[in-house]
Amino acid sequence: MSREFEQFQVQRVIGNNVVMVQGEKNGKEYVIIGKGIGFAAKNEGVIAADDHRIEKLFRLEDREEWSQYQILLEDIDPKVMKITDEIIGDITCQFPGKLNDKIYLALPSHIQFTIYRLRSGMDIINPFLQETKMTFPKEFEIASKAADKISAGFNVKIPEDEVGFLTYHVYSAVSNVPVGQLVKVSNIVSELIEMIREEKNITFEQGSMNHVRLMIHLRFSLERILQGSLIDNPFVKHIKKEYKTEYKLAQKLGKIMQSKLEASIPEEELCFLAMHLHRLFQTVEKNK
């Protein structure tokens, strides 16, 4: 969008550093983030496109999403916004490049609600904590530091389960994978692993190498399917012929994936899964 000679009409001041506005020319709605921009906007009502205080300008495409964030952000504690800025700065240092714009809205909303839950004595339980720590170690480290900032700023103890949820926000910011999708994929991965255990009557400890490899393969396979990222597998015919038992199980797992994702599962993905299952079963058998 060309911002030349554009002015923005202030719709709502979220905090000293966050304002929701509407372009006077195109009528589109945007979020502006910049140090002190909200403080001045309370009196001025209009922000020039070339205002030096504008650090981030982005548009929420979905009208329902826009309304949701208006409700969530209108009562955000300024201290939450300040800590959010610090956390986003830490993410940017570790992952240079453009972050998903939604982090600027989703993260403070999440932090504020977390503080409310903790102060209200509500438990935070994360069934995917171990998986998250193993799958996203760098993001988990950043989330741990973020938890320390929140803990110090609001005098609350942030449990490790919550660090796992913060990790999702960090990963979402750098990968553009929505947090909701991450949670959905985690649920499906757990269901698939349980089915593999039952079908083959095998056990492997959570956090073991076998468990980690299987979990990571399933997660990124599901994400590829959701994103429509096709992969080439030159061994499809060989795998279907040589690993018939594993391929049959992969087909069963594929039906669950298809039902949960509401997406077709490429044959290449099924065969890679069959190959991974073959290696898994061989390793389990050797360790008996």
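1. Gln-22 has Glu-29 of E3 as its bridge partner. This is a predicted model, in which local features need pLDDT of at least 70, side-chain atom pairs count only at pLDDT 80 or more, and totals for chains, interfaces and linings use all residues. Residues are numbered from 1 along each chain as its sequence is written, and side-chain values use heavy atoms, leaving out hydrogens and water. Helices (H or I, at least four residues) and strands (E, at least two) are DSSP runs, numbered from the N terminus.

2. Strand E2 (residues 18-23) pairs with E3 in the antiparallel sense, over five bridges. Strands count as paired if DSSP finds at least two bridges between them. E2 and E3 make a hairpin, with five residues between them. In its turn, Gly-27 has a positive phi of about 70°.

3. E3 also pairs with strand E5 (residues 56-59), antiparallel, over four bridges. Here Val-31 has Phe-58 of E5 as its bridge partner.

4. Why is strand E3 (residues 29-33) largely enclosed by the rest of the structure? Because five of its five residues are buried (under 20% relative accessible area, 1.4 Å probe, protein chains only; exposed is over 50%, partly exposed in between). In a regular strand, side chains alternate between the two faces of the sheet. Glu-29, Val-31 and Ile-33 are buried on one side of E3, Tyr-30 and Ile-32 on the other.

5. Helix H4 (residues 103-119) has 17 residues. From first C-alpha to last it reaches 24 Å, close to the 24 Å expected at 1.5 Å a residue; that expected span is 1.5 Å times one less than the number of residues. Its buried residues include Ile-103, Tyr-104, His-110, Thr-114 and Ile-115. Just after H4, Gly-121 takes a positive phi of about 75°.
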